[in-house]
Amino acid sequence: MESQVRNDPVVAVAGATGAVGAEFVATMDRRGFSVGKLKALASARSAGRTIAFRGQEIVIEELNEYSFEGVDIALFSAGSGIARKFAPIAAKAGAVVIDNSSAFRMDPNVPLVIPEINANRIAEHKGIIAVPNCSAITALVPLWPIHRTNRIKRLILSTYQAASGAGAAAMEELVESTRASLKGEPYAPRVMPHPYAFNLFSHNTAIDPETGCNEEETKVIKETRKIFEDDRIAVGVTCVRVPVLRAHSEAITFECENPITEHEVRAILSNAPGVKIVDDRARNYFPMPIDASGQDDVLVGRIRKDLSDASGHSISMFVAADQLLKGAALNAIQIAELLPQRVFA
Ligand SMILES: NC(=O)c1ccc[n+]([C@@H]2O[C@H](COP(=O)([O-])OP(=O)(O)OC[C@H]3O[C@@H](n4cnc5c(N)ncnc54)[C@H](OP(=O)(O)O)[C@@H]3O)[C@@H](O)[C@H]2O)c1
């Protein structure tokens with residue numbers, strides 16, 4: 001039988017003090033998500049502090065194996081190690097876990113869901129639903145309606161990833177190191193592997209010595225195939241961390257099975273859920289992280305023929321999205337909104 005949650009669920013946020021955790025709470029509030037009771041969970045470092053939710057001060061509790069008793073929905077954003085250990089415990093206690101980490105994304109028993117693409121997979125969950133990688137979500141929301149119309153057989157994308165994608169401490173490091181740099185003071189990086197102020201570097205995840213791809217790139221390749229249910233799609237990715245505080249951008253070029261024009265792409269995307277076209281050639285105004293920050297849509301612009309493909313099968317575009325929202329918290333709350341509810345008389 002399909003599992004159901006209460007219509008006034010007890011919601012636990014594991015990682016409530018983090019960059020994504022704060023957006024879980026703000027997004028539930030903003031969207032009027034019904035919450036019977038909120039439990040805020042984090043490490044022992046944060047236990048006893050409070051967060052505000054709908055006029056209440058919620059005391060943060062240390063996450064442990066008893067945290068999920070009586071919980072209906074457990075929103076996880078505390079890293080993959082914590083998810084691996086505690087998500088199965090939460091699911092066993094009867095909660096539906098929606099996890100933002102990479103721990104379960106490629107597990108064949110775990111739906112990997114972007115509601116605009118495969119909301120139908122939510123009902124198949126066995127206690128855990130995974131939110132895809134933020135770079136994957138940013139690319140796939142606008143690519144899906146194109147893929148459905150004219151199959152994308154090859155995709156090349158380069159990311160320009162913000163500090164917020166690496167959490168609250170990385171945002172702080174960007175601000176502090178920029179301040180230090182402007183004052184001409186030395187700054188030793190603590191979170192990032194390289195100087196972040198006035199610099200950029202290859203994504204700060206481990207490189208696979210065989211493929212030369214870092215983990216972020218490998219995630220985008222594998223997750224695209226799982227979400228699109230298309231093992232043949234050829235994907236090439238380069239992931240780069242840029243000194244932007246919030247919202248990821250991506251340069252995307254894709255090749256379709258049949259010829260496609262920029263006008264067709266614009267027409268498809270003008271009706272696509274979760275997409276906003278920002279493509280003003282006269283004003284040279286295109287998607288920017290500063291405009292993407294704090295809003296829900298993936299901004300899409302620079303839509304143009306890829307001039308390197310004379311056959312007319314390829315299009316290039318530039319996108320930006322708030323990866324703390326659509327790339328993480330918003331996507332998770334959208335999933336929670338679609339969970340079947342148990343309605344009480
Ligand atoms: N940032 C993004 O844009 C983004 C996007 C998609 C997915 N994600 C994923 O979401 C997760 C969190 O990312 P974030 O950016 O929000 O990181 P963050 O700002 O560093 O927050 C990490 C959270 O995890 C908690 N935590 C750490 N160790 C813990 C422990 N031993 N027990 C309980 N809680 C613990 C922290 O609590 P304390 O404050 O007490 O340490 C904090 O609340 C990661 O898996 C990340 O890959 C992030």
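**Reading backbone, chain and ligand**

Visitor: In which strand is the place of arginine 302?

Guide: Arginine 302 belongs to strand 15 (residues 298-305); strands (E, at least two residues) and helices (H or I, at least four) are DSSP runs, numbered from the N terminus. The model is predicted, with pLDDT of at least 70 needed for local features and 80 or more for side-chain atom pairs, while totals for chains, interfaces and linings use all residues. Residues are numbered from 1 along each chain as its sequence is written, and side-chain values use heavy atoms, leaving out hydrogens and water.

Visitor: Is phi of arginine 302 positive or negative?

Guide: Most residues other than glycine have a negative phi. In arginine 302, phi is positive, near 50 degrees. Glutamate 229, also not a glycine, has a positive phi of about 50 degrees. Its place is the loop between helix 6 (215-228) and strand 12 (234-241).

Visitor: How many helices and strands does the chain have?

Guide: The chain has nine helices and 17 strands. Its radius of gyration (over C-alpha atoms) is 20 Å, close to the 20 Å from the globule rule for 345 residues, so the chain is as compact as a globular protein of that length. That rule is 2.2 Å times the number of residues to the power 0.38. Along the principal axes, the C-alpha atoms fill a box of roughly 60 × 60 × 45 Å.

Visitor: Which residues come nearest to the ligand?

Guide: A residue is near a molecule if one of its heavy atoms lies within 4 Å of it. Of the 26 residues around the ligand, the nearest are Thr17, Ser43, Arg45, Ser46 and Ser164.

Visitor: Which backbone atoms lie by ligand oxygen atoms?

Guide: A backbone N or O atom of alanine 19 is 2.9 Å from a ligand oxygen atom. For glycine 79, the distance from such a backbone atom to a ligand oxygen is 3.2 Å, and for glycine 167 it is 3.4 Å. Helix 1 (19-30) and helix 9 (325-337) are the elements that give two or more residues to the shell around the ligand.

Note on methods: A polar contact is a pair of N or O atoms within 3.5 Å; within protein, one must be able to donate a hydrogen and the other to accept it, and residues adjacent in sequence count only if both atoms are side-chain atoms.
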